[in-house]
Amino acid sequence: MIRRIASQELVLQLRDGRLAATALLLLGLAAGATAVGWGHWRKGEAERLRFAEQSYAQWVNQEPKHPHRAAAYGIYVAKPDTPLAILEPGLRPYAGRTLWLEAHSNAAFAYAPADDDLTASPGLGQSSGAGLLQLLGGLVALVLGALSVARERETGVLRQLLAQGVPPTRWLIGKYLGLAAALLLPLAPLALLLTPAAAALSAPEARSDAWVRTAGAMAASAIYLLGMLAVGMVVSVLVRSSRAALLAALALWVGGSILAPRIASQLVLRSAPTPTAEAYYEAINAEFAGGFDGEPGWSERLDRLEQDTIAEHGVQRLDQLPVGFSGLRMHAMDAWTNTVSDRHDAPPHEIYADQD
């Protein structure tokens with residue numbers, strides 16, 4: 001019975017031109033955004049390769065200098081994008097993709113947008129194929145589910161089915177399966193084209209990973225749409241009229257897909273604001289110099305080392321020492337930072353860039 005109900009619902013939805021037109025429009029938008037993403041990915045990879053070659057050549061061809069200064073000369077590197085970025089750029093708009101590498105320095109990603117621009121973005125203009133699929137596809141799934149039961153109740157079809165002895169649970173399951181098939185049917189061509197395309201654009205050693213990731217992304221989108229369809233059907237069961245069900249579905253979509261992420265982001269920023277990189281490193285350097293865990297900091301330790309070294313060699317100033325004080329200082333710093341690293345399971349020597 002469930003299979004028969006699902007088949008009948010699928011046929012009815014396919015005959016209804018509104019759902020077909022909406023699905024084709026959604027598929028066209030997602031395909032267009034994916035094509036734009038492919039162009040951006042192709043251009044970005046070409047620029048990344050050219051940038052990497054020039055940055056490496058600049059580092060290799062630097063003027064002869066002391067090895068320590070040569071290491072501190074630094075080099076830019078750029079994170080490559082997998083072909084899956086054609087569908088979804090991931091964290092690239094947030095974290096950036098350019099990194100500055102320098103000896104004794106723990107750099108952060110560069111060329112990332114400002115936080116306020118990201119949290120204030122409404123999300124409707126994003127060119128990501130996955131973003132459009134989730135945003136507009138979720139709306140279609142909610143509306144489709146919200147009208148499913150309420151419309152049958154208003155037209156009297158549900159009363160006739162129940163009078164004929166059709167179990168309500170089986171009828172709901174069959175109707176859900178039919179609507180799910182009609183909803184996911186347009187996604188099949190996109191998945192069949194995108195998955196092998198992402199694998200073909202990947203390096204030979206990464207093609208199997210591209211297959212898995214792209215198929216997983218499409219499966220996750222399908223699960224999301226099925227979940228939104230289920231929410232819409234729950235609304236349709238609880239609400240008496242199709243108009244009220246439609247308004248409730250639109251309210252859920254606006255609140256859950258547009259307002260909730262922005263409100264949650266603002267609440268998090270206000271309750272636990274993220275410090276800037278400058279404030280973060282200033283706090284670390286202040287603790288390093290002033291001390292923490294009830295122990296003296298590096299400034300006090302350095303003053304004590306200078307006094308003990310001067311007293312040990314019987315001189316008045318550091319420049320009168322028969323040995324290089326910088327070597328003694330570096331040895332003392334390494335010994336102290338290794339002790340702190342063993343205690344806190346962290347490599348502090350990677351972030352104390354300006355203390356030597």
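This is a predicted model: local features need pLDDT of at least 70, side-chain atom pairs count only at pLDDT 80 or more; totals for chains, interfaces and linings use all residues.
**Overview. Here is the whole chain before the close-ups.** Residues are numbered from 1 along each chain as its sequence is written, and side-chain values use heavy atoms, with hydrogens and water left out. The fold comes to 14 helices and 3 strands (DSSP runs numbered from the N terminus: H or I of at least four residues for helices, E of at least two for strands). Among contacts (heavy atoms within 4.5 Å) with a separation of 6 or more, 69% are between residues 24 or more positions apart. The protein chain exposes about 21,600 Å², and carbon and sulfur atoms supply 61% of that (Shrake-Rupley areas with a 1.4 Å probe; for residues, only the protein chains shown count as cover).

Close-up 1. Arg48 and Glu45 are separated by about one helical turn because they sit 3 residues apart in helix 2 (residues 17-60). Arg48 counts as buried at 15% relative accessible area, and Glu45 is buried too, at 13%.

**Close-up 2. Glu152 reaches across to Lys175.** In this salt bridge the closest N and O atoms are 3.2 Å apart. The pair ties together distant parts of the chain, with Glu152 in helix 6 (residues 129-155) and Lys175 in helix 8 (residues 168-184), 23 residues apart. Both Glu152 and Lys175 are buried.

Close-up 3. About one helical turn separates Arg213 and Asp209, since they are 4 residues apart in helix 10 (residues 207-238). With a relative accessible area of 37%, Asp209 is partly exposed.

Close-up 4. Ser242 lies in helix 11 (residues 242-271) and is buried, at 17% relative accessible area. Leaving out neighbours within four places in sequence, Ser242 is in contact with Leu147, Ala150, Arg151 and Glu154. Ser221 belongs to helix 10 and is buried as well, at 6%. Not counting residues up to four places away in sequence, Ser221 touches Leu133 and Gln134.

**Close-up 5. The second largest pocket.** Its volume is about 740 Å³. It has 25 lining residues, and those closest to its centre are Glu9, Gln13, Arg151, Lys175 and Leu179. A pocket is an open set of points, on a 1 Å grid over the protein atoms alone, with protein on both sides within 12 Å along at least five of seven lines; lining residues have an atom within 4 Å of a point. Helix 1 (2-15), helix 2, helix 6, helix 7 (157-163) and helix 8 each supply at least two lining residues. The largest share, 8 residues, comes from helix 6.

**Close-up 6. The largest cavity.** It holds about 120 Å³ of space. Of its 15 lining residues, Ala23, Leu26, Leu183, Pro186 and Leu187 are the closest to its centre. A cavity is a set of grid points where a 1.4 Å probe fits but cannot get out; points are joined across faces, edges and corners, and volume is the space filled by probe spheres set on them. The count comes to 1 cavity of 30 Å³ or more. Helix 2, helix 6, helix 8 and helix 9 (187-201) each give at least two residues to the lining, with helix 2 giving the most, 6 residues.

**Close-up 7. A nonpolar patch on the surface.** Tyr56, Trp59, Val60 and Tyr73 make up this patch, with about 390 Å² of accessible area together. Patch residues have over 30% relative accessible area and no salt bridge; like charges are joined within 9 Å, and nonpolar side chains (Val, Leu, Ile, Met, Phe, Trp, Tyr) within 5 Å. Tyr73 sits in the loop between helix 3 (67-71) and strand 1 (75-78), and counts as partly exposed at 33% relative accessibility.

Definitions and conventions. A salt bridge is a side-chain nitrogen of Lys or Arg within 4 Å of a carboxyl oxygen of Asp or Glu. Buried means under 20% relative accessible area, exposed over 50%, partly exposed in between (1.4 Å probe, protein chains only).
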